[in-house]
Each structure stands twice: as C-alpha cells, then as structure tokens.
Amino acid sequence: MAFAIFILRLAICILAFPMYLLNFLGLWNWICKKCFPYFLVRLTVMYNEQMASKKRELFSNLQEFVGPSGTLSLLEVGCGTGANFKFYPPECRVTCIDPNPNFEKFLIKSIAENRHLQFERFVVAAGENMHEVADGSVDAVVCTLVLCSVGDPQKLLREVHRVLKPRKMSSDNQWSADQDESQLSRLIRKSRDSPFVPVGIAGFVTVVSYGLYKLKYRRDQKMSIHLIHMRVAAQGFVLGAVTLGVLYSMYKDYIRPRFFNATKK
C-alpha cells in the first residue's frame, strides 16, 4: 500500500512539475490571466443557458435602485467577459472592475452585443481595493461568482458599502430579525436541497458508533485491525452517499429539465 501511494504521489508530482516550473519562473500567473478569458467566454454561453431564468429573477428589481438622475449607475465587481450584461435594464450605466486586464476586449465585444447599456469604463483593480471608484457614486453593485475567490471578502464588502450611494429605507422595506431565516430552517432547507449530505453524515456516525460499541467484543482481533475495518466501512458509506448525491444533482439539474422540456414540446 505504501509503495502504491508513493507511485501515485510521484505521478502527480511529474504531471504538476511544468506548473511548478512556470510558477518558479514567474510565468504561471501571466499564462493563467492570458488564457482564462478564452476559457470563460465559452463557459459563459453554456452557463447563461442554464441560469437565464434565475438571472432574470435576480436582476429584475434593479430599476428600484435608480437614483434622482433617473438613470441606474451600476458597478460590476469581477465582471469577467460581461456574462450579466444582457440581463441589465435598458440605459443602465455600467462600470466594470476586474484584476485581469485581458478581459477588456471581451467586454467591448459584449457591450457591442448589448446596445441597451451605456458602458462607462473598465477599471483594472481587485475588489478589495476599488480606490478609483469614488465614495457613494453608484446606485447598485453586482458581484456574482466572486466572493469565493477574493483574498479578503470582508474588505471587499466594506469597499462595496463605501461606493454605494446612501439610501433611506421605507418602513415597508425594513428588515425584521424575526423574518430572518433561523439556523434550523436553513439546515432543513439545505438538507432538502442535498438530501444525501445528512444521509452520509448519519451513516458515518452510525457506523463509527457501532464500531466503537463492538470494540470490546472483538475477541482475539487486534484493535488496529478492528479500527481499520471501522474506518473503511465509515468512509465507504460516506463515499457512496457523495456519489449518489452527485448523480442525483446531475439528474435534477440536467437530465430531468431536458426530459420535461422535451415532453412539453
């Protein structure tokens, strides 16, 4: 087993060696920034097809944030290739920020395809340091698929708060703590969305508990062997639950929608 693990690690190191070498020479980051936009522009087409209805729903209330000027001033942080442009309201003035300067030519192409927008400028900067955007200068900030990749999400949110225009909320729009989702409700909702996660956790706990209970009845069996069997059984249950969860998600997100859409047609 140890020799097999050594061979596997050696194979991974050999495969990853070019990346380590490019990173050592200072070229890996440059290559990623140069190539990533070409990958993302192809991925955006498929992603927008799957998420079109969700995005329309997400951006449907942007007009509510229009300021006294009558025109919505919008800042998009981590704009990428402009995947969200087609979902913005007409005459919206868009300013884009992204740390990768290679996205600019793709943004210009997206703007040409979305004539209903007014493109202000493209700023090359990280979301955590938007010093080129003035305080209280935008009506709304859009930030999608970004918070998971920034270095300091809290700093980014502080910057978002800084550049937003102050707004007074009416009594009808004030948020009550009683309306907030409780921890139990959130847990139930997530368990309903991904049912195999609690199943895997429950199975893991059950197998481990049973293994510990049977520990004193192992007779002549070595404790190390008994613990290995218990670990393999618990990990096998979790792996099986994860596999079923992935298959269920693929069916729910891809297979079932296409089947029902084809049936309706």
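Contact here means heavy atoms within 4.5 Å. The model is predicted: local features need pLDDT of at least 70, side-chain atom pairs count only at pLDDT 80 or more, and totals for chains, interfaces and linings use all residues. Residues are numbered from 1 along each chain as its sequence is written, and side-chain values use heavy atoms, with hydrogens and water left out.

Begin by selecting Tyr 88. Not counting residues up to four places away in sequence, Tyr 88 touches Phe 59, Leu 62, Leu 74, Glu 76, Val 94, His 116, Leu 117 and Val 142.

Next, select Leu 62, Leu 74, Phe 85, Tyr 88, Val 94 and Cys 96, which have the most contacts inside the largest nonpolar core, a set of 20 residues. Such a core consists of buried Ala, Val, Leu, Ile, Met, Phe, Trp, Tyr and Cys residues joined through side-chain atoms within 4.5 Å, where buried means under 20% relative accessible area (1.4 Å probe, protein chains only). At least two core residues each come from α2 (28-58), β2 (92-98), α3 (104-113), β3 (117-124) and β4 (140-142); helices (H or I, at least four residues) and strands (E, at least two) are DSSP runs, numbered from the N terminus. The largest share, 3 residues, is supplied by β2.

Then select Val 123, Met 130, Val 138 and Val 146, which are among the 13 residues of a second, separate core.

Finally, colour α2, which gives 9 residues, the largest share, to the lining of the largest pocket. β1 (73-77) and β2 also give two or more residues to this lining.

Key:
Buried < 20%, exposed > 50% of the residue type's maximum accessible area, 1.4 Å probe, protein only.
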